[in-house]
Amino acid sequence: MSTTRRVYKIKKTKKRRRRRVFLFLIPLFVLILGASAYGAKLVLKAQNVFQEAYNPVEVSSKRDGEAVNPLEDNFSILFIGIDDSDERDFKGNSRSDALILATFNKDQKSVKLLSIPRDSYVYIPAKNATTKINAAHAAGGPKATMDTIEELLDIPVDYYVRMNFNAFIEVVDALDGIKVNVPYALSEMDSNDKQGAIQLQPGLQTLTGEEALALARTRHQDSDIQRGERQQEILKAIMAKAMSVNGVTKYTNVIEAVGDNMSTNLQFSQIKGFINYITADQGIDLESVKLKGNDLYQNGVYYYQLDETSVEEVRYVLQSHLNLAPTSTPTEAVQSPVQ
């Protein structure tokens, strides 16, 4: 019997940038860096926010019952954006609207980002069914979503940060808007589902919270993959603006906006692990990883059918990044740096 050796290659380009460029994830880092910049009072306020938002879940079964320490270990975080109504008061398990998985490698001082399309057709353990991945949160909240991604990628999902869109709007408004390139003219509903309330023209411009949310949510003129890329760009714009802001009032408002609309299993003491990445002497190596797929319609319902080879490639990349033994060896994994 002959065997074929498959060659694994990663196409990537590394660029070192100033540290502040890499503060990309969510207003989470504002709580650390903004509070640190303005002294003990804001640090205490940020700590209180995390205490109120703390909502633990069971340790991943892929960690053999031992939780990882962000100060010492490689780890992963799932960022969950949900479209929660005021009536639910951020306590209901609505469907997720945005999923971004980040893996952190302590030795490389590197982060890999994966946007997971909300309509991805996957197996959801909590439902014992294959359907859209955004149904996992409705079935069992953050834990069910974490379990679903672990099933898909065969890696531990150690932490989650769940934010609803009220936080998104309030954070952007607290920063007096963010500068984003709008790729095309769009007409979208606002956060109260009023059709056509948001009208935007293409070009680089400063967006309000409602406008930024509309841009993040729209998917009528491009794909779910491009939607994920837009969301990453918007998150980077939030962080760029946050790091350029001077004034304790703005940071106070941002912290309050995040605290009112966040749930996480991270404790404030564990957040210090992120600072090791942000303050790395050579900057941080930040790259995007993409899941390829195709449109799928079943009984008139749209799904995003993930390409099995692409899933295998992404699985290999993330397992390797977490220093886990890969469960397969793909032929090729294509990555592109975050701009």
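How many residues does helix 2 have, and how far does helix 2 reach from its first C-alpha to its last? The model is predicted; helix 2, at residues 40-53, has 14 residues and reaches 20 Å between those two atoms, close to the 20 Å expected at 1.5 Å a residue.

**Helix 2**

- The buried residues of helix 2 are Leu42, Ala46, Val49, Phe50 and Ala53.
- Viewed down the helix axis, these buried residues fall within an arc of 95°, so they line one face of helix 2.
- An α-helix has 3.6 residues a turn, so residues three or four places apart point the same way.
- The face turned away from the buried side of helix 2 carries the exposed residues Ala40, Lys41, Gln51 and Glu52.

**Threonine 131**

- Threonine 131 is located in strand 6, which covers residues 129-132.
- With a relative accessible area of 15%, threonine 131 is buried, because buried means under 20%.
- Apart from neighbours within four places in sequence, threonine 131 is in contact with Ser120, Tyr121, Val122, Ile124 and Tyr303.

**Confidence**

- The protein has an average pLDDT of 80, and 78% of the residues score at least 70.
- Confidence is highest in strand 5 (residues 121-124), at a mean of 98, and lowest in strand 1 (residues 10-11), at 34.
- Over residues 1-26 the pLDDT stays under 50, and the model has 67 contacts beyond four places in sequence for this stretch.
- Residues 332-339 also have a pLDDT below 50, with 36 contacts in the model beyond near neighbours in sequence.
- Where pLDDT is low, the predicted coordinates should not be read in detail.

Definitions and conventions:
Residues numbered from 1 in each chain as written. Predicted model: local features only at pLDDT ≥ 70, side-chain atom pairs only at ≥ 80, totals over all residues. Heavy atoms only, no water. Helix = DSSP H or I, 4+ residues; strand = E, 2+ residues; numbered from the N terminus. Buried < 20%, exposed > 50% of the residue type's maximum accessible area, 1.4 Å probe, protein only. Contact = heavy atoms within 4.5 Å. Expected span 1.5 Å × (residues − 1). Arc of directions from axis to C-beta. pLDDT = per-residue confidence, 0-100.
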